[in-house]
Amino acid sequence: MNNQATHIINKLGWAEIELSSESLRNLNNLTNYSDSIINNKIVKFLENNHLHNEVTKSTIRSMLRYSSQSEIFVKSLINDLVKHQKGIEDFYLTPPYIIIHQPKDIKEVGNFHSDTLKYCGKSFTSWTPINNYKMSYPALSLLNKSHTFYIKIIYRILNRLKLSKNIRQIFKFLLIKPVDLIVKKNFTYLWHSDLIHKGNLNTASKTHLALVTRISE
């Protein structure tokens, strides 16, 4: 058991984990399949046609989510995560969800939130980029240690007061600065479900995809 990632997650709420050679091989197969779909002229995005593009994204998500390439990759991915995160050997794993961020697509920009769900017990999120290129913009923003008790309480109060959209400004006042993370190819990112985070605007020129799965008690 590699306890380094467990220690980092316990301390910061998230960790960057390098994939094994088997997972890399399976991720490459998934990425190649993803590229073949996106580059297929039958399934394409149209400028200024939001309805068509949402249908296209849903089609791509479904094709990737239920593909054999995705299933094989997730199986090797969870084997990697079990080695790095103590105690999840008997946890439940959700089917993967595919995130698709087109360049300058403001519809895909998220607000700060956590992934906590009632009655799931302790849980984690695994987030893996599935791109054949090096990322040039911070796809994720994470609030270090926001899974800890006092920050969770602050976040819940802000939600109650309907001020969660102003969370960046409020945490800036409290000297809590988000980590704007440029994710690395061939890595996965694992965080505690209570960690506050968000997805950012794709300011690059290429479509960005990621595979997300939940691991819960």
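Predicted model: local features only at pLDDT ≥ 70, side-chain atom pairs only at ≥ 80, totals over all residues.
Residues are numbered from 1 along each chain as its sequence is written, and side-chain values use heavy atoms, with hydrogens and water left out.

The axes of α2 (21-38) and α4 (68-84) come within 9 Å and cross at roughly 150°. That makes α2 roughly antiparallel to α4 (angles under 35 degrees count as roughly parallel, over 145 as roughly antiparallel, 65 to 115 as roughly perpendicular and the rest as oblique). Axes here are lines fitted to C-alpha atoms, for helices over the stretch in contact, and angles run from 0 to 180 degrees between N-to-C directions. Helices (H or I, at least four residues) and strands (E, at least two) are DSSP runs, numbered from the N terminus.

The crossing of α2 and α4 is left-handed (the near helix is turned anticlockwise from the far one by less than a right angle; clockwise would be right-handed). On the α2 side, the contact (heavy atoms within 4.5 Å) is made by Glu22, Ser23, Asn26, Leu27, Asn29, Leu30 and Tyr33. From α4 come Gln69, Ser70, Ile72, Phe73, Ser76, Leu77 and Asp80. Sorted by class, the contact has six nonpolar, six polar and two charged residues (Ala, Val, Leu, Ile, Met, Phe, Trp, Tyr, Cys and Pro count as nonpolar, Asp, Glu, Lys and Arg as charged, and the others, Gly among them, as polar).

## How α2 packs against α3

Helix α2 also packs with α3 (50-65), at an angle of about 150° and with the axes 11 Å apart. That makes α2 roughly antiparallel to α3, and the crossing is right-handed.

Here Leu30, Tyr33, Ser34, Ile37 and Ile38 in α2 meet Ile60, Met63 and Leu64 in α3. The contact has seven nonpolar, one polar and no charged residues.

## The nonpolar cores

The largest nonpolar core has 26 residues, and those with the most contacts inside it are Leu64, Phe73, Leu81 and Ile130. A nonpolar core is a set of buried Ala, Val, Leu, Ile, Met, Phe, Trp, Tyr and Cys residues joined through side-chain atoms within 4.5 Å. Elements giving two or more residues to this core include α1 (3-12), β1 (14-18), β3 (97-101) and β9 (208-216), and α4 gives the most, with five residues.

Not counting residues up to four places away in sequence, Ile130 touches Leu27, Leu30, Thr31, Leu64, Ile98, Leu209, Ala210 and Leu211. A second, separate core of 18 residues includes Trp127, Tyr137, Leu140 and Leu195.

## Loop residues to look at

Asp105 lies in the loop between β3 and β4 (123-129). Asp105 is buried, with a relative accessible area of 14% (buried means under 20%, exposed over 50%, partly exposed in between, with a 1.4 Å probe and protein chains only). Leaving aside neighbours within four places in sequence, Asp105 is in contact with Lys57 and Leu201.

Most residues other than glycine have a negative phi. Tyr119, in the loop between β3 and β4, has a positive phi of about 70° and is exposed, with a relative accessible area of 82%. Asn186, in the loop between β6 (179-181) and β7 (187-192), has a positive phi near 75° and is partly exposed at 25%.
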